[in-house]
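Reader: I am new to this structure and would like a close look at one part of it. Please take a single helix and then place it in its surroundings.

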Amino acid sequence: MTNMYSPSEIPTEVSKADRVEGHLRGRERRPSFGSNSLVERGIFAPTVQISPIGAATRHSAGWQGLTAESIYAPVQKRIECQYSAAFHLLVMYVDGIRRDGETSIDGVAPSRLRNVANKLTFVPANHTYDEWHEARTPMRISYLYLDPAKLDGSRNEDTVYAPKAFFDDSVVWNTATKLKSVIESGKAAHSYVDALIDVLSHELSRSDKELSRNSPVSRGGLASWQMRIVTQHIEEHVGEQISLSTLAKLARLSQAHFCRAFKQSFGVPPHEFHVQRRIEKAKALLAERNASVTDVGFALGYSHTSSFSVAFRKITGRSPREFRRDFS
C-alpha cells in the first residue's frame with residue numbers, strides 16, 4: 001500500500017511566544033545600532049536596505065542579539081538591496097527566478113545567476129553587499145543577521161569567514177532555518193541556541209575545498225540532481241498530498257533509502273519538509289493580502305480554516321491572522 005501523508009498531520013510543537021514585528025520598506029533606515037527603541041523591540045542590528053519604497057514586504061524579529069527577516073517581493077521591474085554593517089549576513093533565497101540581476105560582495109566575483117531558489121549567500125561583517133533583481137517570479141528571501149561576538153565566541157580559534165555567493169549547503173540551510181524559528185518564537189534553551197550557532201560557525205568557516213570533499217553524496221545524502229528534482233516536485237504540488245513512493249521514484253531509490261538520504265540532506269523527513277514549504281507559501285500569500293485567510297488555506301489544500309490555523313500555529317507559534325497583522 002502506498003504511504004500517503006498530509007502536511008497538516010505533523011505533530012511538530014512550537015510554543016507561542018512574544019514576537020517583535022518590524023515592517024520596513026525601501027531605503028528607510030532603522031535607528032542607529034543599540035538605540036533604546038531597537039533594544040526594546042529585540043532588534044539589535046542594521047538591516048538590508050531595499051528600494052524602491054514599497055518594493056517588498058518585511059517581517060522582522062529580534063531575540064538575544066539575533067535578528068531575522070522574511071522578505072516578500074512581487075514580480076516587478078527592479079528591486080535593489082544594499083547592506084554593509086558590523087554584523088554577518090546570511091541570505092536564504094527561499095523562492096525566486098530573476099529575469100535579470102546581479103549580486104556583488106566584496107571579495108567575490110559578481111554573479112548574474114537567474115534561478116536563485118534554495119541558494120545561500122554569506123556576507124561577512126564589514127563587507128559590502130549590493131544586489132538587484134528584475135524578478136520573473138515572486139521572490140521570498142530570508143535574512144539572518146549574526147553578531148560576530150556570538151558566532152566567533154562559539155569557536156576556540158580565530159575564525160576567518162569568507163564571502164560566498166549562491167552556494168548550496170543543506171547543513172547551513174537547515175541550521176539557519178531552525179535558528180530563524182527560534183528568533184521568531186523568542187523562546188529556546190540557551191544550550192540549543194548555542195549548538196545551532198556553533199554549527200553555523202563551523203560550516204560557514206569551511207573552505208570551498210572542504211565543502212567539495214564533504215558533498216551530500218559522501219555523507220550518505222541525496223545527490224544534487226536528486227535534491228533538485230524532489231524539491232521541485234514538492235514546490236509544484238505544495239498544496240496537495242504527496243506520496244513517498246512518488247518522491248522515491250523521482251530520486252530512483254527505494255522508499256526506505258530515500259527517507260534516510262532525504263533526512264541526511266535536509267535535516268528533516270520528507271513530510272516535515274513538505275509542511276514547512278506549505279507554511280512558507282502561506283506566509284507569502286498572507287503578506288500579499290490579496291486573499292482571505294480562508295482562501296489561503298483552501299489554496300494550500302486545507303479543507304477547513306481551523307485545520308489551516310492549527311498547522312500554521314504549530315510551525316510559526318501564531319495564527320494566520322496574527323501573522324498577517326505583522327504587516328502594515
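How many residues does helix H6 (residues 224–236) have, and how far does it reach from its first C-alpha to its last?

Author: This is a predicted model, in which local features need pLDDT of at least 70 and side-chain atom pairs count only at pLDDT 80 or more, while totals for chains, interfaces and linings use all residues. Residues are numbered from 1 along each chain as its sequence is written, and side-chain values use heavy atoms, with hydrogens and water left out.

Helix H6 has 13 residues and reaches 18 Å, close to the 18 Å expected at 1.5 Å a residue. The expected span is 1.5 Å times one less than the number of residues. Helices here are DSSP runs of H or I with at least four residues, strands are runs of E with at least two, and both are numbered from the N terminus.

The buried residues of H6 are Gln226, Met227, Val230, Thr231, His233 and Ile234. They cover an arc of only 155° around the axis, which puts them on the same side of H6; the arc is that of the directions from the helix axis to the C-beta atoms. An α-helix has 3.6 residues a turn, so residues three or four places apart point the same way. On the face turned away from the buried side, H6 carries the exposed residues Arg228 and Glu236. Buried means under 20% relative accessible area, exposed over 50%, and partly exposed in between (1.4 Å probe, protein chains only).

A contact means heavy atoms within 4.5 Å. An aromatic cluster is formed by Phe258, Phe262, Phe266 and Phe273. Rings of Phe, Tyr and Trp (its six-membered ring) pair if their centres lie within 6.5 Å; planes under 30 degrees apart count as stacked, over 60 as edge-to-face and the rest as tilted. The structure holds 11 aromatic pairs.

Lastly, confidence. The mean pLDDT of the protein chain is 78, and 79% of its residues reach 70 or more; pLDDT is the predictor's confidence in each residue, from 0 to 100. Residues 1–42 have a pLDDT below 50, and beyond near neighbours in sequence this stretch has 119 contacts in the model. Residues 211–218 are also below 50, with 12 contacts beyond near neighbours in sequence. Where pLDDT is low, the predicted coordinates should not be read in detail.
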